[in-house]
Amino acid sequence: ARVGSGLVSVPSVVNRLRGIAPPPNVVKLPTVTPGKEGKLQLSGFGLEGILVQRARCCSPIPGDDIVGYVSRGRGIVLHRVICPNAQSYATNEPERSLPYEWPVDGSVYDVPLRIVAIDRTGLVSDITTVFAESKSNMTAISTRSKPNGTADIDISLQVTGTENLAHVMAKIANFSDILSCLRAFGRPSR
């Protein structure tokens with residue numbers, strides 16, 4: 001379920017199933033931390049104070065497996081490891097891709113969700129109630145009813161990390177008329 005929702009990468013599951021553990025002398029990675037005015041920065045290994053930004057294509061959050069891409073003119077851009085853009089960069093320009101750690105820091109980050117459900121009256125109200133109970137703020141929503149009786153709901157939700165996101169997604173998935181609730185790539189349309 002976590003792979004399907006985009007919270008865990010397939011290679012990490014395969015390695016765990018095969019019993020492949022990281023070597024005992026794993027090098028500690030530089031860490032992403034909140035900086036001044038809510039901006040992100042890198043710390044560790046002499047990287048203190050380097051500002052970074054989240055990629056818009058995959059919206060990484062604390063707890064994700066991330067990689068930083070040293071872009072041309074935009075600094076370091078953080079991507080989820082499973083992001084198609086990050087995989088392309090790793091293949092075509094591996095010297096520009098560097099792994100990082102991003103522990104949960106208590107800050108909130110926007111994450112796009114795509115919910116597909118059987119269309120009914122009060123559906124959006126029920127979903128937003130879950131957000132309120134979970135103390136997660138919704139910053140954008142777009143709904144589209146389809147002729148086949150389903151509805152696509154794109155939501156931008158603020159969460160503190162992958163565990164918070166998984167908790168909210170599990171609560172939404174418990175509704176009987178929810179067909180899927182997945183973490184989307186890119187920003188939801190407004």
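D64 has a relative accessibility of 6%, so this residue counts as buried, because buried means under 20%. Keep in mind as you explore that this is a predicted model. The partner of D64 in a salt bridge is R183, and the closest N and O atoms of the two are 2.7 Å apart.

**A link across the sequence**

- How many salt bridges does the structure hold? The count is seven, and the link between R183 and D64 is one of them.
- R96 and E93 also join their side chains in a salt bridge, with 3.3 Å from N to O.
- Is R96 buried or exposed? R96 has a relative accessible area of 19%, which makes this residue buried, and E93 is buried as well, at 15%.
- Another salt bridge brings together the side chains of D152 and K146, at 2.9 Å from N to O.
- In this pair, D152 is buried with a relative accessible area of 6%, whereas K146 is partly exposed with 39%.
- R114, R144 and D154 form one network, joined by salt bridges that share partners.

**Strand β4 and its neighbours**

- Now turn to strand β4, which covers residues 66-70. Four of its five residues are buried, so the strand is mostly covered.
- Which strands pair with β4? One is β5 (residues 76-80), which runs antiparallel to β4 and is joined to it over five bridges.
- The other is β6 (residues 97-100), again in the antiparallel sense, this time over four bridges.
- You can pick out a bridge on each side: Y69 has V77 in β5 as its bridge partner, and V67 has P99 in β6.

**The turn between β4 and β5**

- β4 and β5 form a hairpin with five residues between the strands.
- Which residue in this hairpin takes a positive phi? Look for G73, whose phi is near 90°.

Notes
Residues are numbered from 1 along each chain as its sequence is written. This is a predicted model: local features need pLDDT of at least 70, side-chain atom pairs count only at pLDDT 80 or more; totals for chains, interfaces and linings use all residues. Side-chain values use heavy atoms; hydrogens and water are left out. Buried means under 20% relative accessible area, exposed over 50%, partly exposed in between (1.4 Å probe, protein chains only). Helices (H or I, at least four residues) and strands (E, at least two) are DSSP runs, numbered from the N terminus. Two strands pair if DSSP finds at least two bridges between them. A salt bridge is a side-chain nitrogen of Lys or Arg within 4 Å of a carboxyl oxygen of Asp or Glu.
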